[in-house]
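The points are grouped by topic.

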Amino acid sequence: MKISKQENGSEITLMLEGRLDTTTAPLLEKEINAGMEGTETLILDFKELEYLSSAGLRVLLSAHKSLMKKEGRKLIIRHVNETMHEVFEVTGFLDILNIE
């Protein structure tokens, strides 16, 4: 998986490309944790993401919980394809995460 980072003040966008699975989930988790301090909005752009496993879902939930510990902070997930949208729906993540 390739992760590209774009910063705009207190907003960070991570563009993900490839597969978010057991092998690559720790890379995303490390990138998220490294940029968490001072971040009010974390945007994950899934436009080029091809696959999402349960390990990836765990990283998303963990990031959401970490951000929500401080009021005003949020996680936004953008450009989710139809298959991943179904995964979010079946797992109940649509009710938890902010998916655009």
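Two strands count as paired if DSSP finds at least two bridges between them. In the hairpin of S1 and S2, two residues lie between the strands, and Gly9 takes a positive phi near 65°. The model is predicted. Its sheet is open, with five strands in the order S1-S2-S3-S4-S5 and mixed pairing. The edges are formed by strand S1 (2–8) and strand S5 (98–99), each of which pairs on one side only.

**Strand pairing**

- Strands of a sheet pair through backbone hydrogen bonds, in either a parallel or an antiparallel sense.
- S1 and strand S2 (residues 11–20) run antiparallel and are joined by seven bridges.
- Within this pair, Ile3 has Leu16 of S2 as its bridge partner, and Glu7 has Ile12 of S2.
- S2 pairs with S3 in the parallel sense, over nine bridges.
- Glu11 has its bridge partner in S3, namely Thr41.

**Helices on the sheet**

- Helix H1 (residues 25–34) packs on the sheet and touches S1, S2 and strand S3 (41–52).
- The direction of H1 makes about 175° with that of S2.
- H3 also packs on the sheet, where its contacts are with S3, strand S4 (74–78) and S5.
- The direction of H3 makes about 115° with that of S3.

**Ends of H3**

- Helix H3 spans residues 82–91, and at its start a side-chain oxygen of Asn81 comes to within 3.1 Å of the backbone nitrogen of Thr83.
- Just after H3, Gly92 takes a positive phi of about 85°.

- Rolling a probe the size of a water molecule over the atoms shows where empty space is left.
- A search of the whole structure finds one cavity of 30 Å³ or more.
- The largest cavity holds about 50 Å³ of space.
- Its lining consists of Lys5, Ile12, Leu14, Glu31, Ile32, Gly35, Met36, Thr39 and Leu42.
- S2 and H1 each supply at least two residues of this lining.
- By class, the lining residues of the largest cavity are five nonpolar, two polar and two charged.
- Ile12 of the lining is also the bridge partner of Glu7.

Definitions and conventions: Residues numbered from 1 in each chain as written. Predicted model: local features only at pLDDT ≥ 70, side-chain atom pairs only at ≥ 80, totals over all residues. Heavy atoms only, no water. Polar contact = N/O pair within 3.5 Å; in protein donor to acceptor, adjacent residues only side chain to side chain. Helix = DSSP H or I, 4+ residues; strand = E, 2+ residues; numbered from the N terminus. Contact = heavy atoms within 4.5 Å. Axes fitted to C-alpha atoms, helices over the stretch in contact; angles between N-to-C directions. 1 Å grid on protein atoms, 1.4 Å probe; cavity = no way out; pocket = protein on both sides within 12 Å on 5 of 7 lines; lining within 4 Å. Points joined across faces, edges and corners; volume = space filled by probe spheres on them. Nonpolar A, V, L, I, M, F, W, Y, C, P; charged D, E, K, R; others polar.
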